[in-house]
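These notebook entries record what I looked up in one structure.

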Amino acid sequence: MPLNVLLTFLVGSALGWILAKLTKTPRHLQGIVIGCCSTGNLGNLLLIVFPDICDESNSPFSKLSTCSTDAEAYASLSMAVGAIFTWAYAYPLVSSYVIKNTEHSSIQSSEPSPDSCTEPLLSPSDSQISEDNSVVLELPLTNMQDGKKMSFKEKIAGCIKCITSKIDLEKVFVPSTVASIAGLIIGIVSPFRKVLIADNAPLRVINSSAALIGHAAIPSMTLIMGANLLKGLQRSEMSLVVILGVVAVRNICLPLLGIGVVQGAHHLGVVGSDALYRFVLMFQYAVPPAINVGTMTQLFKSGQGETSVILLWSYSVASISLTLWSTLYMSLVSNSSTK
């Protein structure tokens, strides 16, 4: 499942980059387009959908006695992995475009005009006047013979060092990422789980308090996006073509890719015969963009309105597309299970 979620991020970001280049999206908005195409609202929608498909009498999963338990586990794992990839992969990607655009703007604003240059460009010592009154400039020479060709390992090490130097670990390990990692550790380690999560756990009040705070996070982010939506509807630099492209990537391209990936993995024996698990893997490709992209733009204070407009149309279309894709996914997994 983590590999499947990572694949949705990688393919989505690649499609978003192609969309931004084809539509000539402004530089400071390209990161938003890539972020909306790469991230997905994984866990929350799964938690909403699964109670219905497990209790539905005509559902292929209704006969599973552990459907609700397994579905909740799959949804929680999807949410945790998605949060980690969102802030560890998508956040540096989006921030790189915002930072580069800010630096470019500051450089342009600090460039002096031609009329403000009052000092000579060359000092007398930097030039020599020949007998025919022509100026001969002495340029610094570089000795290429002393340079050594870098080996392949040195190039790889240099690339890794360059990438890690640009990653701000303090921003990557935001509270949601730390909470996801801590939740995975608590859920995997049996002593921690018995102390914090069980019904008779002595410290179950910590789990209840964390869940109570977490339930308030989604409405809070929705309120922030709604406040930014007014600004985006009044004035937005995001063209209609870009918005339609993001909607097409999230609701057409990625869901179709999910069918090919999961069905191919099942055919090769990489994924087992669990129909519910294969449904979850395909469903991860069909979800709309994560609301955390709006949180990122709120932190950068750039593109909040444009992100809100994209999310508005994406979730409006997802209300119909998710129903259609879920029906198709259930049909595929039920047919393959009966064979």
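**Entry 1: overall make-up.** I counted 13 helices and two strands in the protein; helices (H or I, at least four residues) and strands (E, at least two) are DSSP runs, numbered from the N terminus. I noted that this is a predicted model, in which local features need pLDDT of at least 70 and side-chain atom pairs count only at pLDDT 80 or more, while totals for chains, interfaces and linings use all residues. Residues are numbered from 1 along each chain as its sequence is written, and side-chain values use heavy atoms, with hydrogens and water left out. Of the 339 residues in the protein, 36% are buried; buried means under 20% relative accessible area, exposed over 50%, and partly exposed in between (1.4 Å probe, protein chains only). I also looked up the contacts (heavy atoms within 4.5 Å). Among those between residues at least 6 apart in sequence, 78% join residues at least 24 apart.

**Entry 2: helix 1 and helix 2.** I examined how helix 1 packs against helix 2. The two pack at an angle of about 145°, with their axes 7 Å apart; axes are lines fitted to C-alpha atoms, for helices over the stretch in contact, and angles run from 0 to 180 degrees between N-to-C directions. Their crossing is right-handed; a crossing is left-handed if the near helix is turned anticlockwise from the far one by less than a right angle, and right-handed if clockwise. On the helix 1 side, the residues that meet helix 2 include F9, G12, G16 and W17. Among their partners in helix 2 are R27, Q30, V33 and I34.

I then turned to the loop between helix 1 and helix 2 (27–38), where K24 lies. K24 is not a glycine, yet its phi is positive, at about 55°. Its relative accessibility is 75%, so I recorded K24 as exposed.

**Entry 3: helix 10.** I checked the length of helix 10 (residues 240–268). At 1.5 Å a residue, its 29 residues should span 42 Å, and its end C-alpha atoms are 41 Å apart, which agrees; the expected span is 1.5 Å times one less than the number of residues. Helix 10 has a kink of about 40° centred on V249, where the bend is the angle between axes fitted to the seven residues ending at a residue and the seven starting there. After helix 10 comes G269, with a positive phi near 85°.

I next looked up the packing of helix 10 on helix 1. Their axes are 10 Å apart and the angle is about 145°, with a right-handed crossing. The contact involves N4, L7, V11, G12, L15 and L19 of helix 1. From helix 10, the residues taking part include V242, G245, V246 and V249.

**Entry 4: aromatic pairs.** How many aromatic pairs does the count come to? I found eight; rings of Phe, Tyr and Trp (its six-membered ring) pair if their centres lie within 6.5 Å, and planes under 30 degrees apart count as stacked, over 60 as edge-to-face and the rest as tilted. The pair of F9 and Y89 is edge-to-face, because the ring centres are 6.3 Å apart and the planes stand at 80°. F9 lies in helix 1 (residues 2–22) and Y89 in helix 4 (residues 67–110), so this pair ties together parts that are 80 residues apart in sequence. F9 is buried at 1% relative accessibility, whereas Y89 is partly exposed at 24%.

I also recorded the tilted pair of W87 and Y91, 5.3 Å centre to centre with 45° between the planes. W87 and Y91 are four residues apart in helix 4, so about one helical turn separates them. W87 is buried at 4%, and Y91 is buried at 6%. I noted one aromatic cluster formed by F279, F283, W325 and Y329.

Entry 5: I looked up Y74 in helix 4; its relative accessible area is 16%, so Y74 is buried. Y74 and Y277 are 203 residues apart in sequence and 7.6 Å apart in space, C-alpha to C-alpha. Leaving aside neighbours within four places in sequence, Y74 is in contact with M1, D274, L276, Y277 and V280.

Last, I looked up E306 in helix 13 (residues 304–338). E306 is buried, at 8% relative accessibility. With neighbours within four places in sequence left aside, E306 contacts L29, R235, S236, E237 and M238.
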